[in-house]
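These are my notebook entries from looking through one structure, written so that I can follow my own steps later. I set down each thing I looked up together with the cut-off behind it.

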Amino acid sequence: MGQPRLNLKNVTGLLVDRDAFTRGLVAQMLRGFGIEKLMIAGTGAEAKAMIGGNCPDICFVEGALEDMSTADFIGWIRRQTSQALRFMPVIVLTGYTQLRLIAAARDGGAHIVVRKPISPQTLFDRINWVARVSRPFLETPSYIGPDRRFHSIDPPDEKWKRATDAPSQTAAPSQAEPTAQAS
Amino acid sequence: MAALTHFPKLRITELVGRFGGVSRDEAIAQAKQELSTMRAEGNDVIEGSIKALEVIVFAPAERSRYSDAQLKQILVLCDQIVTLAGTFEYTALDQTTRSLCDVADGLMRTKKLDIASIHVHMRAMQMVNPKAPPLGEKQIKTMLAELKKILAHHGFDQLSASADKISFEDVPATPD
């Protein structure tokens, strides 16, 4: 099977990180992937002001912003009236000392969290994933963001609530057929 | 308010699928090339951060302890060094700085008084600074083993251990 191709030429990215050199590193990688339009901000407030004028297609934000929590920043994006903006994929880049903030970022409405140091391979794969995999977007009183469930996990006691939940019922259509015919 | 489920069509999905673009290998090769041009500047930034770290580490707020603000500042600087060391594949510096992060984070959480552990890490970082004369593999191994003993002595959790365990997918979700 061929490799995934991404045409990022017309994609506008927003990059928010307090550290100038890290911003430069990530920006260089993104330019290497072909992104030509990059909006770069050092703080959440700066990023908000930039978003006011343009709607980026994807956002890369660090796990611990200097002037506000990353979860608050993502929450602000998710509450915007522009649909393009509120559904925008948000990739959180978390540093080694920010790992405890992963759950907060996820519950703030991030699409995915990528741990620094970021390799070009990881970044490319994550962009490919958020761009191509369609995820339902949930809006509840306490959460606005993409569906956080990645896996369908078996119940710990293997006691299924419905007969149709059991994997053997759905995974083997050839076995299920005779039952359907009998009824 | 009832829960609403949307199935949005993202603009980026349409854009990335357009004719042209780059394959994964091409994109990665180009990105690596872009990064390689930043290595020298990266070394300067690492050196600058280590120097900034020295200023804090060798001037604790009190005789036997660092203030929370100082420990936080140490973590911020270390975070940057870990990011750069990892990006440019300076393994020894990466591991030494992570170990310092573990100790600083542990001291902050437990309120333990200890300056010597931080000093030892600082000295180790100076030795594995990319601009310092390179150490032998055996010396690095010994040094890292000694740093591990400090962490074990304090009984601090390794942020690195949680880094390998925690992923976005498996952090338990809070109910909506």
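This is a predicted model: local features need pLDDT of at least 70, side-chain atom pairs count only at pLDDT 80 or more; totals for chains, interfaces and linings use all residues.

**Entry 1: strand 5 of chain A and its sheet**

I began with strand 5 of chain A and strand 6 (residues 112-115) of chain A, which pair in the parallel sense over four bridges. I noted that helices (H or I, at least four residues) and strands (E, at least two) are DSSP runs, numbered from the N terminus, and that two strands pair if DSSP finds at least two bridges between them.

Residues are numbered from 1 along each chain as its sequence is written, and chains are lettered from A and ligands numbered from 1 in the order in which they are written.

Strand 5 of chain A also runs parallel to strand 4 (residues 58-62) of chain A, and four bridges join the two; one bridge pair there is C59(A) with V90(A). I then looked up the whole sheet, which is open, has five strands in the order 3-2-4-5-6 (chain A), and is paired in parallel. Its edge strands are strand 3 (37-41) and strand 6 of chain A, each of which pairs on one side only. Neighbouring strands of this sheet are turned by 20° against each other on average, direction ignored; for such angles, axes are lines fitted to C-alpha atoms, for helices over the stretch in contact, and angles run from 0 to 180 degrees between N-to-C directions.

Is strand 5 of chain A buried or exposed? Five of its five residues are buried, so strand 5 of chain A is largely enclosed by the rest of the structure. Here a residue is buried if 20 or more other C-beta atoms lie within 10 Å of its own, exposed if 12 or fewer, and partly exposed in between, with C-beta atoms placed from the backbone. Both faces are covered, with V90(A), V92(A) and T94(A) on one side and I91(A) and L93(A) on the other.

At the other end of the sheet, strand 2 (residues 12-16) of chain A runs parallel to strand 3 of chain A and is joined to it by five bridges, with L15(A) opposite I40(A).

**Entry 2**

I looked up Q98(A), which lies in the loop between strand 5 (90-94) and helix 5 (102-108) of chain A. Q98(A) is buried, with 23 other C-beta atoms within 10 Å. Leaving out residues up to four places away in sequence, Q98(A) touches G63(A) and A64(A), where contact asks that two C-beta atoms, placed from the backbone, lie within 7 Å.

D72(A), in helix 3 (residues 70-78) of chain A, is partly exposed, with 13 other C-beta atoms within 10 Å. Its C-alpha atom is 6.8 Å from that of G108(A), although D72(A) and G108(A) are 36 residues apart in sequence.

**Entry 3: a sheet that uses both chains**

I next found an open sheet of three strands in the order 8(A)-7(A)-1(B), with antiparallel pairing. Strand 8 (144-146) of chain A and strand 1 of chain B stand at the edges with a single partner strand each, so one side of each is left without a neighbour in the sheet. Strand 7 (residues 137-139) of chain A pairs with strand 1 of chain B over three bridges, and L138(A) stands opposite T5(B). Strand 7 of chain A also pairs with strand 8 of chain A over three bridges, where F137(A) stands opposite P146(A).

**Entry 4: the contact between the chains**

How many residues does each chain bring to the contact? I noted 51 residues from chain B and 54 residues from chain A. Helix 2 of chain B gives the most to the side of chain B that touches chain A, with 10 residues. That side has 26 nonpolar, 14 polar and 11 charged residues, where Ala, Val, Leu, Ile, Met, Phe, Trp, Tyr, Cys and Pro count as nonpolar, Asp, Glu, Lys and Arg as charged, and the others, Gly among them, as polar.
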